[in-house]
Amino acid sequence: MTTRHHRTCTLCEAMCGLVITTDGDRITGIRGDADDPLSRGHLCPKAVALQDVHTDPDRLRQPMRRLGDRWEPIAWDAALRLAVDGLRRVQRAHGRDAVASYVGNPTVHSLGAMLFAPRLVRALRSRNRFSATSVDQLPAHVVALQCFGHALLIPVPDLDRTQHVLMLGANPAASNGSLMTAPGVMDRLAAIRARGGRVVVIDPRRSETAAAADEHHFIRPGTDALFLLGVLHVVMTERLARPGPLESLMTGLDALHALAGRFPPERVAPATGIGADVIRRLARDFAQAPRAVAYGRVGVSMQEFGGLATWLITALNLVTGRVDAEGGAMFTRPAVDILRADQAGSRPRFGRWTSRVRGLPEFAGELPVSALAEEIETPGPGQVRALVTHAGNPVLSTPNGARLDRALAGLEWFVAVDCYLNETTRHAHLILPPTSPLEREHYDLVFHTLAVRDTARWSGAVFPRPPGARHDWEILNALAGALDGTVRGRLEGAVLARLGPRRLVDHGLRTGPYGTGYRPFGGGLTVRALERAPSGVDLGALKPALPGRLRTADRRIHAAPELFLADIARLEARFLAGAPGGEEHPGARPPTADLELIGRRALRSCNSWMHNSERLVRGKRRCTLQMHPDDAARRGLADGASVRITTPRGAVTAELEVTDALMPGVVSLPHGWGHDRPGIRLGVAQAHAGASINDLTDDQRVDALTGNAAFSGVAVTVAAEG
Ligand code: SF4
């Protein structure tokens, strides 16, 4: 019998509403839900991976224990006992900081993990906490915290009402939008153009998004902050700044004015590769558009000046009156408001302590993951000797993955909560696999907070969990409860286990902005109410939210925090001729290097974790090194050649793809590949292994301000193989 299930897709940030049809335990169809008020029927080719992951014979379905090179199944109770005993043993012998944790990207796509992973991390009481945040969007959190007072107060482009988008280092055609939940994003961008607006893309690669834009300009990797300073210079000096109604709330406008004055387009143009006349025109176009928004993503945040560049995007939006304005950069009013739950004052801080070996700053209690390998390898008090991971594959997703790969092999104890035996978890002593996503209920806690429209949608489980299987939150809660050791912690664990994710979301809805508490006939949002609207409810377009939503202590918007102003000297030293220190910067190109490497992403891929779906990896080879024809000709390389890419950290081989979509001097390799390591259980991925970009990147190369990994602009040499 065919059954229809309404479900939010949990594979990327877009939160597409789906209708999944099943016949017994078989999925017979997955299509977009036309009634979803946010996604309006959109889905992308990746949606089939929901089925492929669910039915994947390689997906682990019971706990596995490693004995040397061999894995054997182990019963749940014994596995949990073993996990806790091993972690306690290391803590007793070497102290709490000897046990580290790493939380991977898929965690934010699981309701249970979002609610319970923090509990496990807290229970470990270790300063060595890591996550995928510091190889991705950490600069956005630092900027949100500094300017608006909370790490999650990240303004979202009001795409559906804007007339002008200035987009840097983002390729929503492949990512479907990031820190900007916008299903069907290319339709939304096309609509801007259809109503007479403009989409301008700044990127070292003419990405799929850039190809569909009105205008695209190549920029040298890592120089976005300089470009933005040039734009700000024009806006400030030509009296185009119009901060609008928020001006009285802003501090730092004078400092911003003084800063911008030092960076005329003529000064920054040579380093960026964008002409001064173009910078001037782009600045005027942006400032004079009736509704406009500047937006940047991974190309901006994953670089040596990710913090500065991300802040300057916000600064540009602020001085031109785009923040909290229709068609600009607005804040959501989510039905379960994570910020509201944070009223008690547990706001994330920044730089309260630093990593032991290199002194990188913590953020929200986490250290940059670029420091993980050295924290494992370097002897001394606080050395990491054990690790707990949740849904992560840092060997492929963090810089200098080969070093981390080696370091993980030396751990005394490693527990992975993960459904795959991958390049990272192959080093674990114990793997605890949760149920498949389709066996769990879902509500998106994070991406409703970052969406271009306020909506709410509850998803029931498509399949019942198999007998004996455990949900991620149950595993995490069990580990946390056993490790916590305090009466309070145990009680909390017992209460949370009783409540479970559904009742926690229900509480969040009832006490959120559209809830009416626990009044029996209040009529506000509850899980029950959402179940009666299986395609989700529309809560409307984004609305002005300031000053009410500000969380700064003085309730002001800080347009020019000192933290960023102080980092300008480093930028000048790195790129602008004559500035002191430029020669000695550790990120400077080595003398033999002649190309700069950037990453890229494809629509049919998502980080490292969707390569075991045959339907997504088949077809044209995707893990190619893209290079401009002039650079290829200079090296005598032809399209399709096998090339060796080398950095001081390592070397990989890839097929060359010659294309003028790359800026001359820049090459691009996608991230998430490199499934040729032994001992993994990912049959399809192994057959399409590709090369890992992170066998080339450098764990020592970070944005010194935020600690985010600097993947973009890595100096490489490329030559014909052999
Ligand atoms: S765009 Fe993202 S959320 Fe939508 S179907 Fe594709 S993977 Fe799923």
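Which domains does the domain assignment of the protein chain give? In this predicted model, the assignment gives domain 1 (138–334 + 554–565) and domain 2 (582–720).

**Overall build**

The protein chain contains 25 helices and 30 strands. Along the principal axes, its C-alpha atoms fill a box of roughly 70 × 65 × 50 Å. The radius of gyration of the protein chain is 25 Å, which agrees with the value near 27 Å that a compact globule of 722 residues would have. Of those 722 residues, 57% count as buried. Among contacts in the protein chain with a separation of 6 or more, 74% come from residues 24 or more positions apart.

The C-alpha centres of domain 1 and domain 2 are 27 Å apart. Across the boundary, 24 residues of domain 1 are in contact with 23 residues of domain 2. On the side of domain 1 that touches domain 2, at least two residues each are supplied by α4 (138–148), α5 (172–175), α12 (298–301) and α13 (306–319). By residue class, that side of domain 1 divides into twelve nonpolar, nine polar and three charged residues.

The largest nonpolar core has 224 residues, and Val 231 and Leu 312 are those with the most contacts inside it. Domain 1 and domain 2 both give residues to this core, so the core lies between them. In soluble globular proteins, nonpolar side chains tend to be buried together. With neighbours within four places in sequence left aside, Val 231 is in contact with Ile 279, Leu 282, Ala 283, Phe 286 and Leu 316.

The residues surrounding the ligand include Cys 9, Leu 11, Cys 12, Ala 14, Met 15 and Cys 16. Leu 43, Cys 44, Lys 46 and Ala 47 also belong to this shell, as do Asn 176 and Pro 183. The shell around the ligand divides into ten nonpolar residues, one polar and one charged.

Helix α1 spans residues 48–55, and its buried residues are Ala 49, Leu 50, Gln 51 and Val 53. What do the buried residues of α1 pack against? Their partners are β3 (26–32) and α23 (614–617).

**Backbone exceptions in loops**

Most residues other than glycine have a negative phi, and most peptide bonds are trans. Arg 239 has a positive phi of about 55° although it is not a glycine, and Arg 555 likewise has a positive phi of about 55°. Arg 239 sits in the loop between α8 (224–237) and β12 (250–251). Arg 555 is placed in the loop between β23 and β24.

The peptide bond from Leu 546 to Pro 547 is cis, with omega near 10°. Pro 547 is in the loop between β23 (537–541) and β24 (557–558).

**Burial of selected loop residues**

| Residue | Other C-beta atoms within 10 Å | Class |
|---|---|---|
| Arg 239 | 8 C-beta atoms | exposed |
| Arg 555 | 12 C-beta atoms | exposed |

Pro 464 is located in the loop between β22 (458–459) and α18 (472–484). The C-alpha atoms of Pro 464 and Leu 438 are 8.6 Å apart in space, with the two residues 26 apart in sequence.

Ser 692 is in the loop between α25 (683–687) and β30 (714–720). Which residues are in contact with Ser 692, leaving aside its neighbours within four places in sequence? They are Leu 396, Gly 401, Val 652, Trp 673 and Gly 674. Ser 692 and Val 293 are 399 residues apart along the chain, and their C-alpha atoms are separated by 34 Å.

Note on methods. Residues are numbered from 1 along each chain as its sequence is written. This is a predicted model: local features need pLDDT of at least 70, side-chain atom pairs count only at pLDDT 80 or more; totals for chains, interfaces and linings use all residues. A nonpolar core is a set of buried Ala, Val, Leu, Ile, Met, Phe, Trp, Tyr and Cys residues joined through C-beta atoms within 7 Å. A residue is buried if 20 or more other C-beta atoms lie within 10 Å of its own, exposed if 12 or fewer, and partly exposed in between; C-beta atoms are placed from the backbone. Domain bounds come from an automatic or database domain assignment. Two residues are in contact if their C-beta atoms, placed from the backbone, lie within 7 Å. A residue is near a molecule or strand if its C-beta atom, placed from the backbone, lies within 6 Å of it. Ala, Val, Leu, Ile, Met, Phe, Trp, Tyr, Cys and Pro count as nonpolar, Asp, Glu, Lys and Arg as charged, and the others, Gly among them, as polar. Helices (H or I, at least four residues) and strands (E, at least two) are DSSP runs, numbered from the N terminus. The radius of gyration is taken over C-alpha atoms; the globule rule is 2.2 Å times the number of residues to the power 0.38.
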